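Please walk through this assembly one interface at a time.

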Number of protein chains: 2
Amino acid sequence: MHRCSIVSDRKPTIIDVARAAGASIKTVSRVMNNERYVSAETRERVQRVMAELQFQPNKSAQSLKGDKSYLIAHVYGDPGGPYTGQIQMGLLTRFRDQGYHLLIEEIDYRGDDVEDRVSKLVNQLNLDAVVLTAPVTDNDTVISVIERANIPYVRVTPQHERDGGSSVRIDERAAANDLTMHLLAFGHRRIGFIKGPEHHAGTRLRYSGYCDALREYGLEPDPEIIEQGGFTYRSALPCTRRLLSLAEPPTAIVASNDEMAAAVLSVAHDRGLSLPGDLSVVGFDDIELAEMVWPPLTTVKQPIQELADAAAEILVNILTRRKQPGEPAPQAHRVLPHHVVIRRSTAPPARR
Amino acid sequence: MHRCSIVSDRKPTIIDVARAAGASIKTVSRVMNNERYVSAETRERVQRVMAELQFQPNKSAQSLKGDKSYLIAHVYGDPGGPYTGQIQMGLLTRFRDQGYHLLIEEIDYRGDDVEDRVSKLVNQLNLDAVVLTAPVTDNDTVISVIERANIPYVRVTPQHERDGGSSVRIDERAAANDLTMHLLAFGHRRIGFIKGPEHHAGTRLRYSGYCDALREYGLEPDPEIIEQGGFTYRSALPCTRRLLSLAEPPTAIVASNDEMAAAVLSVAHDRGLSLPGDLSVVGFDDIELAEMVWPPLTTVKQPIQELADAAAEILVNILTRRKQPGEPAPQAHRVLPHHVVIRRSTAPPARR
DNA sequence: CTGAAAGCGCTTACAG
DNA sequence: CTGAAAGCGCTTACAG
């Protein structure tokens with residue numbers, strides 16, 4: 001018996017394991033990393049000792065010499081939308097099993113220290129990969145730092161396609177089109193629209209989808225009933241007030257996201273309108289809020305869970321098979337199916 | 001001129017800086033860490049070279065030999081509540097300036113791998129500190145792993161006080177009391193209550209505050225109008241339906257959080273009740289949703305930003321002055337002021 | 001299939 | 001105030 005003391009006050013290292021197992025540290029390293037060329041017998045013996053000693057490899061040491069830090073960052077912006085948390089949950093679940101940990105970094109795209117912050121994150125920590133969500137999916141400063149460091153990255157619901165990196169998204173334009181068509185099919189012809197903020201993924205595509213749908217019915221977008229919002233509840237309050245104060249107010253309003261749709265409902269309630277008879281309202285994203293307001297919102301479901309899964313899967317694929325240096329990181333671009341969720345906030349327009 | 005090439009394809013190391021500055025690596029290290037005993041002249045010269053070379057210290061190397069990983073983890077649970085994101089924002093902002101990065105780990109307290117997961121996080125990454133939020137603030141398994149590793153930690157809004165670690169919170173019991181008093185002062189005498197889930201911080205204290213308030217008015221809590229919810233919107237739907245179907249329904253309902261209060265509103269709307277005349281509703285937390293539903297909720301504001309700030313400040317204090325080993329980590333327990341936000345979901349009961 | 005040596009980029013003692 | 005040496009716990013070549 002040459003393993004003297006199983007219990008010790010300091011954390012066991014690879015050397016302790018090697019000694020206790022009667023093997024070299026290189027062999028222990030091989031077992032840890034599931035490499036080939038270890039006899040089944042040796043592997044088993046080492047694994048048993050690792051378990052007994054409760055050995056846990058030091059990530060810093062692995063990172064210093066090796067090329068992996070086992071750290072992946074989620075870079076997002078505020079307002080990143082209420083699904084930031086759900087995206088993170090999805091990523092965590094997937095990365096966990098592979099031994100990766102998730103770091104988070106919030107980036108204000110207006111800030112002048114964006115480059116510095118991302119650079120520190122990427123370079124000091126030797127990140128293995130990065131996930132980008134709105135509104136930094138299309139931030140050139142952030143992306144160029146990541147590309148310079150030659151780290152694989154995935155953009156979740158980006159606005160524009162790009163040569164580098166990977167992406168996962170739904171067809172936002174088609175989704176906004178479907179949503180508007182739903183209102184047109186109900187007989188609405190005067191349909192207001194509240195846009196999202198510039199620079200934010202989705203803003204442009206959702207607006208385009210709305211315009212396309214109108215044109216399919218031979219209508220032209222009317223600037224009088226198109227408002228500029230900011231994706232927040234508050235931003236849509238004055239927009240709605242203006243729309244409902246028009247001589248000829250819209251009979252339906254498409255808000256570019258659910259939070260703004262909630263604001264439309266509040267203003268309508270406040271004016272004593274009967275919903276959805278006097279005003280139909282639709283949102284976008286299907287966040288939890290969509291079901292919690294009254295009437296619950298007709299909206300497009302953003303398949304957050306699936307998007308996060310797809311993003312994680314793409315990265316895990318890349319990370320677990322990078323063997324040849326010089327080989328360009330493989331890319332993937334996935335477009336997931338979307339669907340309109342019809343609830344009680346939409347109905348045919350009431351007769352006047 | 002002994003700095004040959006400023007530009008290089010590989011990242012500059014401390015050795016490159018030392019060479020270019022004509023100093024030893026130890027001196028560069030001193031400058032990096034803002035240690036004393038460096039002449040102003042040398043310090044400045046080194047700093048200039050660091051900037052020119054865009055030198056960024058490798059955290060893995062710092063962590064391997066030193067005792068700091070510059071990594072702090074936020075351990076939370078799902079449902080961690082919609083303010084998980086806000087807490088993280090607050091922590092990020094504060095830690096950033098100190099050079100710390102934030103890792104996140106979601107823990108399902110029902111899972112049997114909790115210990116393993118937290119242990120891996122803490123031990124493999126050599127975490128510098130941990131922040132715990134609901135519902136893991138009172139999880140003994142998690143806390144004992146952290147304490148064994150001798151890492152400072154802060155619990156945000158814990159349910160029970162503890163000997164070890166630090167905590168920040170509001171007086172939830174007093175807050176629930178205030179909220180209920182507000183209804184009592186309006187003249188309500190039959191006030192329903194929807195509890196949060198067991199094991200979740202806040203559940204017990206909020207209920208106690210409600211009971212206390214009733215007793216101050218000489219009333220006893222009536223089990224018939226006390227429901228068991230789960231802090232989710234959906235969980236409160238059936239609770240509300242039962243309460244409103246009673247022969248003598250409550251004239252007001254206290255929901256243990258805002259999401260459940262939103263569910264109360266929806267059921268009431270669905271039954272055609274006039275709000276707040278037929279039913280007053282209060283929530284707890286003042287999450288964004290509270291202002292987005294109709295009528296907007298009277299609730300208690302959870303000062304998330306301040307709580308996150310306080311938590312971060314406590315940790316930064318501990319981390320930046322740990323000099324003497326053996327000295328126990330200093331602790332802090334802070335109770336922040338709370339206040340009731342009165343909106344339009346509460347009013348005196350209508351005459352029957 | 002297995003192992004001894006060197007080294008990743010820093011920090012910690014320890015000397016001057 | 002400054003620096004040369006050793007070492008943190010692993011992995012990467014390189015030999016057997």
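Two strands count as paired if DSSP finds at least two bridges between them. The model is a predicted one, and in it S2(A) and strand S2 (residues 101-106) of chain B meet that criterion, pairing in the antiparallel sense over three bridges. One of these positions can be named: A:Leu102 has B:Ile104 as its bridge partner in S2(B).

In total, 44 residues of chain A are in contact with 44 residues of chain B. The area buried between chain A and chain B comes to about 4400 Å², and carbon and sulfur atoms give 55% of that area.

The rule finds eight salt bridges between chain A and chain B. One involves A:Arg234 and B:Glu291, whose side chains meet at 3.0 Å, N to O. Between chain A and chain B, 24 residue pairs are in polar contact, counting pairs with both residues at pLDDT 80 or more. Several elements of chain A each supply at least two residues to the side that touches chain B, among them strand S1 (71-76), strand S2 (101-106), helix H5 (84-97) and helix H6 (114-124). Helix H10 (233-245), helix H11 (258-270) and helix H12 (289-292) are also included in that set. By class, the side of chain A that touches chain B consists of 18 nonpolar, twelve polar and 14 charged residues.

The next part of the picture is DNA strand C. It is surrounded by 25 residues, of which the closest are A:Thr27, A:Thr42, B:Ile14, B:Lys26 and B:Ser29. Of the atoms of DNA strand C within 4 Å of the protein, 60% belong to sugar or phosphate and the rest to bases. From chain B, an N or O atom in the side chain of B:Ser29 lies 2.5 Å from a phosphate oxygen of DNA strand C. Helix H2 (25-32) and H4 of chain A, together with helix H2 (25-32) and helix H4 (59-65) of chain B, each supply at least two residues of the surface near DNA strand C. That surface divides into ten nonpolar, ten polar and five charged residues.

DNA strand D has 25 residues around it, and A:Lys26, A:Ser29, B:Thr27, B:Arg30 and B:Thr42 come nearest. Sugar or phosphate accounts for 61% of the atoms of DNA strand D within 4 Å of the protein, with the rest belonging to bases. A polar side-chain atom of A:Asn33 is 3.1 Å from a phosphate oxygen of DNA strand D, while a polar backbone atom of B:Ser39 is 2.9 Å from a phosphate oxygen of DNA strand D. What kind of atom of DNA strand D lies 3.4 Å from a backbone N or O atom of B:Lys65? It is a base oxygen. H2 and H4 of chain A and H2 and H4 of chain B each supply at least two residues of the surface near DNA strand D. The class count for that surface is ten nonpolar, ten polar and five charged residues.

Definitions and conventions: Residues numbered from 1 in each chain as written. Chains lettered and ligands numbered in written order. Predicted model: local features only at pLDDT ≥ 70, side-chain atom pairs only at ≥ 80, totals over all residues. Heavy atoms only, no water. Contact = heavy atoms within 4.5 Å. Buried area = accessible area lost by both parts, 1.4 Å probe. Salt bridge = Lys/Arg side-chain N within 4 Å of Asp/Glu carboxyl O. Polar contact = N/O pair within 3.5 Å; in protein donor to acceptor, adjacent residues only side chain to side chain. Helix = DSSP H or I, 4+ residues; strand = E, 2+ residues; numbered from the N terminus. Nonpolar A, V, L, I, M, F, W, Y, C, P; charged D, E, K, R; others polar. Near = heavy atom within 4 Å.
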